[in-house]
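Please keep the sequence and the structure in view while working through the numbered paragraphs.

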Amino acid sequence: YITFDGNNKVIKNVQFERALFGMASDSTIKNLGVENYNINYVGDKLKAFAGFVIAGYRTTIENCWCEGEINVVSYRSNEYEDVTIGGFCSWANTKVVIKNCYSKTEITFSKSNPNGVSGYYTNIDIGGFIGSYSGIIENCYSITSCNTTEDFRAFLFGVIFFLVFLI
């Protein structure tokens, strides 16, 4: 089990490929902010993007925030599975707790067809705070704008795109 305490520090003016943290598993991340981050991705090998963490399992994230931009230009030459984008977190499962966190993110997703090649996605899920989630969210919010092109199927939602309730 790993605990990462940012001691209320702010990481500023950074660029990363998919997110600040990748897969957070069996861990606690707390007291950290990311300001003026930028994700610019152009390509065909994509799955998940987020301002703070890609995914979580048995993890607690608290008192964290991110502000920045996610710009994804995708080109596919064949069928691809799901793509999930979240302003704060791409996806997380039932054993994840996120509390006292927020995101301010501008998300842009577009599709390009170089050389006339066409392909499609099964689903493109974009959530202002979290793309797909089934855990506990407490005292969190998101201020997000999202822009997409009209030549593909995308599912957009304000805070969470896909929410699973387990009782």
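**Notes on the predicted model**

1. Of the 167 residues in the chain, 46% count as buried, where buried means under 20% relative accessible area, exposed over 50%, and partly exposed in between (1.4 Å probe, protein chains only). The model is a predicted one, in which local features need pLDDT of at least 70, side-chain atom pairs count only at pLDDT 80 or more, and totals for chains, interfaces and linings use all residues. Residues are numbered from 1 along each chain as its sequence is written, and side-chain values use heavy atoms, with hydrogens and water left out.

2. The mean pLDDT (the predictor's confidence in each residue, from 0 to 100) of the chain is 81, and 76% of the residues reach 70 or more. Over residues 161-167 the pLDDT stays under 50, and the model has 14 contacts beyond four places in sequence for them; a contact means heavy atoms within 4.5 Å. Where pLDDT is low, the predicted coordinates should not be read in detail.

3. The secondary structure comprises zero helices and 14 strands. Helices (H or I, at least four residues) and strands (E, at least two) are DSSP runs, numbered from the N terminus. Among contacts in the chain with a separation of 6 or more, 81% are between residues 24 or more positions apart. The chain exposes about 8400 Å², of which carbon and sulfur atoms supply 50%; accessible areas come from the Shrake-Rupley method with a 1.4 Å probe, and for residues only the protein chains shown count as cover.

4. Which residues of the largest nonpolar core touch the most other members? They are Phe 52, Ile 61, Cys 64, Ile 70, Ile 85, Phe 88 and Ile 98, in a core of 31 residues. At least two core residues come from each of strand S2 (21-43), S4, S5 (83-86), S6 (89-92), S7 (96-99), S8 (102-111), S9 (124-127) and S10 (130-133). S2 provides the largest share, seven residues. Apart from this core lies another, of five residues, including Ala 19, Ala 48, Ala 50 and Ala 55. A nonpolar core is a set of buried Ala, Val, Leu, Ile, Met, Phe, Trp, Tyr and Cys residues joined through side-chain atoms within 4.5 Å.

5. Not counting residues up to four places away in sequence, Phe 52 touches, among others, Ala 19, Leu 20, Ile 29, Leu 32, Ile 61, Cys 64, Trp 65 and Phe 88.

6. Strand S5 pairs with two other strands. Strand S3 (residues 48-50) and S5 run parallel and are joined by three bridges; Ala 50 has Gly 86 of S5 as its bridge partner. S5 also pairs with S9 in the parallel sense, over four bridges, and the bridge partner of Thr 84 in S9 is Asp 125. Two strands pair if DSSP finds at least two bridges between them. From S5, Val 83 and Ile 85 point one way, Thr 84 and Gly 86 the other way, and all are buried. In a regular strand the side chains alternate between the two faces of the sheet.

7. Is Asn 71 buried or exposed? Asn 71, in strand S4 (residues 53-74), has a relative accessible area of 19% and is therefore buried. The side chains of Asn 71 and Asn 40 are joined by a polar contact of 3.0 Å. A polar contact is a pair of N or O atoms within 3.5 Å; within protein, one must be able to donate a hydrogen and the other to accept it, and residues adjacent in sequence count only if both atoms are side-chain atoms.

8. Val 97 lies in strand S7 and is partly exposed, at 22% relative accessibility. Beyond four places in sequence, Val 97 is in contact with Thr 59, Thr 60, Ile 61, Tyr 133 and Ile 136.

9. Asp 26, in strand S2, has a positive phi near 50° in a residue other than glycine. Arg 58, in strand S4, likewise is not a glycine and has a positive phi of about 50°. Asp 26 is partly exposed at 26% relative accessible area, and Arg 58 is partly exposed at 34%.
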